[in-house]
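Hi everyone, thanks for coming.

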Amino acid sequence: MTNSRFAVLLAGCTIFSICVAATASAEVKALIGATVVDLDGRSPIADAVIVTDGDRIAAVGKAGDVRIPTQAEIVDLTGT
């Protein structure tokens with residue numbers, strides 16, 4: 001694994017871990033605005049939405065393609 005791929009994976013895991021750790025205040029979160037990099041070789045998803053429900057990822061996709069639940073806490077990751 002190259003250093004840049006490792007850095008992207010590490011950053012993604014860190015962001016997800018922070019959000020999962022904070023689920024006590026809100027069970028459903030919508031992480032918006034960041035770029036999702038799939039390490040399986042697919043194209044990155046710019047302006048992505050990741051919906052988490054407790055400790056699991058419920059949905060991932062481009063903004064506008066993923067429904068954000070009304071009760072979700074919005075976490076804006078734009079620029080990260």
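Let's begin with the largest nonpolar core, which has seven residues: L31, A34, V36, A48, I50, V75 and L77. By nonpolar core I mean buried Ala, Val, Leu, Ile, Met, Phe, Trp, Tyr and Cys residues joined through side-chain atoms within 4.5 Å. There's also a second, separate core of six residues, and among them are V28, V49, V66 and A72.

Quick background: this is a predicted model, where local features need pLDDT of at least 70 and side-chain atom pairs count only at pLDDT 80 or more, while totals for chains, interfaces and linings use all residues. Residues are numbered from 1 along each chain as its sequence is written, and side-chain values use heavy atoms, with hydrogens and water left out.

So, V49 sits in strand β2, residues 48-53; strands are DSSP runs of E, at least two residues, numbered from the N terminus. V49 counts as buried because its relative accessibility is 3% (buried is under 20% relative accessible area, exposed over 50%, partly exposed in between, with a 1.4 Å probe and protein chains only). Skipping residues up to four places away in sequence, V49 touches L31, I32, A59, V60, G61, A63, V66 and I68; contact means heavy atoms within 4.5 Å.

V28 lies in strand β1 and is buried too, at 11%. Its contacts beyond four places in sequence include V51, P69 and A72.

Now, what is the phi of D47? It's near 50 degrees, a positive value in a residue other than glycine. Most residues other than glycine have a negative phi. D47 is in the loop between β1 and β2.

Notes: Helix = DSSP H or I, 4+ residues; strand = E, 2+ residues; numbered from the N terminus.
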